[in-house]
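Hi,

Here is the structure I promised to pass on to you.

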Amino acid sequence: MSATAAPVRPFLSFELETDPARWQAPEVALLGITHSEPYAHDPWPNDQTHAPDAIRAQSAQISDGLAHWDFDVGTDLGALAPPRCLDCGNLVWQGGAYEPYLARAGALAAQLLRSGAQLVVLGGDHGVTIPVLDALQAVGTPVYLVHVDAHLDWRAEVGGVRRGYSSPLYWASQRPWVRGMTQLGMRGTGSARKGELQAARAYGSKVFTAQQLHEAGFGAALASIPADAPLYVTIDADGIDPTEAPAVMAPVPGGLRFAQLAPFLRTLAYRQRIVGLDIVEIAPALDARNAITCITAGRLIVNVLGASWARAALTREA
Ligand SMILES: [Mn+2]
């Protein structure tokens, strides 16, 4: 397959490699997927297409060089980081038919998952998750989803579009290699109607509203996630409270705080294999001047990777 687009700079100190033929057996692979199937009522391209490079641009604020003490993870990440952390560049849709772009995104994600890499996807809007869900078949074992979002994202279609940002979790429910899902942070109103919530519950999705998590903590959410399943984590930035992630198209007050999400994700990463994660729906033009949304996103990624690397080191020593 032809090369991906070169990013503004690599994420953190990752090795940049835009040629898929040279993505041999990385332990970590980060890929920007900028586009999804658009809705007629939205501008094209949307501002979320700029997020992968906006996040990379904050690398120095996120974890410069991985060499300094990281107080979240409790170590210097350089001591734990595996030898090959790749930044695989951006897959950009140039227009024309959407299907070839969708297929290529799925094929690249599947190639990386099949190679055993822990996959980090930067969106793009939440439709970006759809080809990655298709690619999860390459894991070979049914994958459980952990979904952070203000919204349920369970629409079968919107205006005839089936692969837009309101549909990723409905899409997931149609994939036999997805074992189940826990959805965290729902609040306010979004595209979901009563029927979508009923469909999610009938499927077996474990839905935790932001209010439930604020009142009772994350214990029940943690218990709802099977400890023996490989996990895929999809984080819509609007699931995070808008004080810490203001750069989203649909901000809703009362969101999950970084100080809740980071330890929750670390606990999961210490406990079981996280095969991949994405962070989507950041609109950089709406960010604060200090780019706190991009930094929050990067810090969540670093928390997941750092805890995953600590788990891998323990497994090696055992
Ligand atoms: Mn979403």
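Let me start with burial: 52% of the 318 residues of the chain count as buried. A residue is called buried if 20 or more other C-beta atoms lie within 10 Å of its own, exposed if 12 or fewer, and partly exposed in between, with C-beta atoms placed from the backbone.

Before you go further, please note that this is a predicted model: local features need pLDDT of at least 70, side-chain atom pairs count only at pLDDT 80 or more, and totals for chains, interfaces and linings use all residues. Residues are numbered from 1 along each chain as its sequence is written.

As for confidence, the chain averages a pLDDT (the predictor's confidence in each residue, from 0 to 100) of 96, and 99% of the residues score at least 70. Among the elements, strand β10 (residues 231-236) has the highest mean pLDDT, 99, while strand β4 (residues 75-76) has the lowest, 90.

Now the overall fold. You will find 10 helices and 11 strands in the chain; helices (H or I, at least four residues) and strands (E, at least two) are DSSP runs, numbered from the N terminus. The radius of gyration of the chain, 18 Å, is close to the 20 Å that the globule rule gives for 318 residues, so the chain is as compact as a globular protein of that length. That radius is taken over C-alpha atoms, and the rule is 2.2 Å times the number of residues to the power 0.38. The C-alpha trace spans about 50 × 50 × 45 Å along its principal axes. Of the contacts between residues at least 6 apart in sequence, 81% join residues at least 24 apart; a contact means that the C-beta atoms, placed from the backbone, lie within 7 Å.

A few backbone details are worth a look too. Most residues other than glycine have a negative phi, and most peptide bonds are trans. The bond from Trp-44 to Pro-45, however, is cis, with omega near -5°, and Pro-45 sits in the loop between β2 (28-33) and α1 (51-57). Gly-123 and Gly-124 are also joined by a cis peptide bond, with omega about 15°; Gly-124 belongs to the loop between β6 (118-122) and α4 (129-135).

Ala-25, in the loop between β1 (15-16) and β2, has a positive phi near 45°. Ala-25 counts as exposed because it has 11 C-beta neighbours inside 10 Å. Glu-281 has a positive phi of about 75° and lies in the loop between β11 (274-280) and α10 (292-317). Glu-281 is buried, with 30 other C-beta atoms within 10 Å.

Best wishes

Notes. Contact = placed C-beta atoms within 7 Å.
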